[in-house]
Amino acid sequence: MPTRKPPTPAELRTAVAATLPWLRGEAERPERPVLATAVRHSLRTLEADAPGHTVEVRVPPFAAIQCVEGPRHTRGNPPNIVETDPRTWLELATGLLTWSEALATARLSASGSRADLAALLPLLRF
């Protein structure tokens, strides 16, 4: 499978900045393409920052990536899965929400011994 090119820092910042008013509760949910771009760019950045195939990060309905060095998973469901909604993911990616807060409030699910991304987040701050 070919590796997707990560966005430039400027592309990431622009994509995620378009969602900030919503993330801060100041605006309605952005249009689907705006939200999809922010989620995909931030996931591709995580994929580039922590290359590997040990953890699968899912943010339905927009994207899923594999990251973090370690044993490669090839068949069936991976043993280390993180799954959350777009808003929670972008709040984590920007530091508006911490990993521990998201877990404590059940805003994400993380299964497996390596499914802890706290040390890799946030990806950017505003």
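Analyst: Alanine 106 sits in the loop between α5 (99-104) and β4 (108-111). Helices (H or I, at least four residues) and strands (E, at least two) are DSSP runs, numbered from the N terminus. The model is predicted: local features need pLDDT of at least 70, side-chain atom pairs count only at pLDDT 80 or more, and totals for chains, interfaces and linings use all residues. Residues are numbered from 1 along each chain as its sequence is written, and side-chain values use heavy atoms, with hydrogens and water left out.

Alanine 106 is exposed, at 65% relative accessible area. The cut-offs are under 20% for buried, over 50% for exposed and partly exposed in between, with a 1.4 Å probe and protein chains only. Its backbone stands out too: phi of alanine 106 is positive, near 60 degrees, in a residue other than glycine.

Now step across to threonine 84. Alanine 106 and threonine 84 are 22 residues apart in sequence, with their C-alpha atoms 9.3 Å apart. Threonine 84 belongs to strand β3. Threonine 84 is buried, with a relative accessible area of 6%. Its side chain reaches the backbone oxygen of arginine 107 at 2.7 Å. That is a polar contact: a pair of N or O atoms within 3.5 Å, where, within protein, one must be able to donate a hydrogen and the other to accept it, and residues adjacent in sequence count only if both atoms are side-chain atoms. Leaving aside neighbours within four places in sequence, threonine 84 touches Arg58, Val59, Pro60, Trp89, Arg107 and Leu108. Contact here means heavy atoms within 4.5 Å.

Two of those names lead onward. Take Pro60 to begin with. The peptide bond from proline 60 to proline 61 is cis, with omega near 5 degrees. Proline 61 is in the loop between β1 (55-59) and β2 (63-67). Valine 68 is not a glycine, yet its phi is positive, about 75 degrees. Valine 68 counts as buried, at 18% relative accessibility.

Next, Trp89. This residue is one of the buried residues of α4, along with Pro86, Thr88, Leu90, Glu91, Leu92, Ala93 and Thr94. Helix α4 spans residues 86-94, and eight of its nine residues are buried, so the rest of the structure largely encloses it. At the N-terminal end, aspartate 85 caps α4: a side-chain oxygen lies 3.1 Å from the backbone nitrogen of arginine 87. After α4 comes glycine 95, with a positive phi near 80 degrees.

What packs on α4? The axes of helix α3 (residues 32-49) and α4 come within 10 Å and cross at roughly 50 degrees. Axes are lines fitted to C-alpha atoms, for helices over the stretch in contact, and angles run from 0 to 180 degrees between N-to-C directions. The two helices are therefore oblique to each other. Under 35 degrees counts as roughly parallel, over 145 as roughly antiparallel, 65 to 115 as roughly perpendicular and the rest as oblique. The α3 crossing of α4 is left-handed. Left-handed means that the near helix is turned anticlockwise from the far one by less than a right angle, and right-handed that it is turned clockwise. Helix α3 contributes Leu35, Ala38, Val39, Ser42, Leu43 and Leu46, while α4 contributes Pro86, Trp89, Leu90 and Ala93. By class, this contact has nine nonpolar residues, one polar and no charged. Nonpolar covers Ala, Val, Leu, Ile, Met, Phe, Trp, Tyr, Cys and Pro; charged covers Asp, Glu, Lys and Arg; the others, Gly among them, are polar.

Look at serine 42 within α3. Serine 42 is buried, at 0% relative accessible area. Its side chain reaches the backbone oxygen of valine 39 at 2.9 Å. Not counting residues up to four places away in sequence, serine 42 touches Leu12, Trp89, Leu90, Ala93 and Leu123.

Leu12 points to another helix. The axes of α1 (residues 9-17) and α3 come within 8 Å and cross at roughly 140 degrees. That crossing is left-handed. In α1, Glu11, Leu12, Ala15 and Val16 meet Thr37, Ala38, His41, Ser42 and Thr45 of α3. By class, the contact has four nonpolar, four polar and one charged residues.

One last stop is the segment after β4, where proline 122 lies. The peptide bond from leucine 121 to proline 122 is cis, with omega near 0 degrees.
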